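This text is a short walk through one protein chain. It begins with the order of the elements and then turns to how some of them meet.

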Amino acid sequence: MKSMFKKIMIPVDLRHTPSMGKALNIAAELAKSNNATVTYVGVTSPEPGELGHNPAEYSEKLKQFAAAQADAHGHSAQTHMIVANDPAIDLDSQLTQAAEETGADLVVMATHIPNVTDYVWSSHGGYLANHARASVFLVRG
């Protein structure tokens, strides 16, 4: 049987990985069943933050996270780091660009339950689903 997906991208916020469990597990299962590679995409700013003093430190933490996921779930993994001057503003376009750069044919993304603010500001997952060439699987919970 031909694999449906070859490259799966999953954006990760290393500060909130416990709340991403369901999305991480789905990406891992899809990767194993399709013999696909998972690319863990992380976004950081050039300024020091809680996940590193600089982008190089952040990159190392992202690589460690991806390696741990690959070991735990038995799939191949790689990372793609984005350095954004203002991650809150640039995130949507940066993730869309990352999907192109990584050659992702599927994006698995954790999302929240819609609420009233979604009528004013769209969700990151909604933006990606509307603008990326890849299929987008939004996972709640």
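Read from the N terminus, the elements of the chain follow the order β-α-β-α-β-α-β-α-β. That gives four helices and five strands in the secondary structure. The model shown is a predicted one. The chain has 141 residues, and 40% of them count as buried. Among contacts between residues at least 6 apart in sequence, 73% join residues that are at least 24 apart.

The next topic is a pair of helices. Two packed helices are described by the angle between their axes and by the distance between those axes. Helix H1 covers residues 21-34 and helix H2 covers residues 55-73; their axes come within 10 Å and cross at roughly 60°. Because angles of 65 to 115 degrees count as roughly perpendicular and those under 35 as roughly parallel, H1 is oblique to H2. The crossing in which H1 passes H2 is right-handed. On the H1 side, the contact is made by Leu24, Asn25, Ala28 and Lys32, and on the H2 side by Phe65, Gln69 and His73. Sorted by class, the contact of H1 with H2 comprises three nonpolar, three polar and one charged residues.

A pair of aromatic rings is described by the distance of the centres and the angle of the planes. How many aromatic pairs does the structure hold? There is one. The ring centres of Tyr40 and Phe65 are 5.7 Å apart and the ring planes stand at 90°, so this pair is edge-to-face; the cut-off for that class is an angle over 60 degrees. Tyr40 is in strand E2, residues 37-44, and Phe65 is in helix H2, so the pair ties together parts of the chain that are 25 residues apart in sequence.

Are these two residues buried or exposed? Tyr40 has a relative accessibility of 0% and therefore counts as buried. Phe65 is buried as well, because its relative accessible area is 14% and the limit for buried is under 20%.

Asp13 and Tyr40 are 27 residues apart in sequence, and their C-alpha atoms are 9.7 Å apart in space. Where does Asp13 lie? Asp13 is found in the loop between strand E1, residues 7-11, and helix H1. With a relative accessibility of 24%, Asp13 counts as partly exposed, whereas Tyr40 counts as buried.

Key:
Residues numbered from 1 in each chain as written. Predicted model: local features only at pLDDT ≥ 70, side-chain atom pairs only at ≥ 80, totals over all residues. Heavy atoms only, no water. Axes fitted to C-alpha atoms, helices over the stretch in contact; angles between N-to-C directions. Helix = DSSP H or I, 4+ residues; strand = E, 2+ residues; numbered from the N terminus. Parallel < 35°, antiparallel > 145°, perpendicular 65-115°, else oblique. Left-handed = near helix turned anticlockwise from the far one by under 90°. Contact = heavy atoms within 4.5 Å. Nonpolar A, V, L, I, M, F, W, Y, C, P; charged D, E, K, R; others polar. Buried < 20%, exposed > 50% of the residue type's maximum accessible area, 1.4 Å probe, protein only. Phe/Tyr/Trp six-rings, centres within 6.5 Å; stacked < 30°, edge-to-face > 60°.
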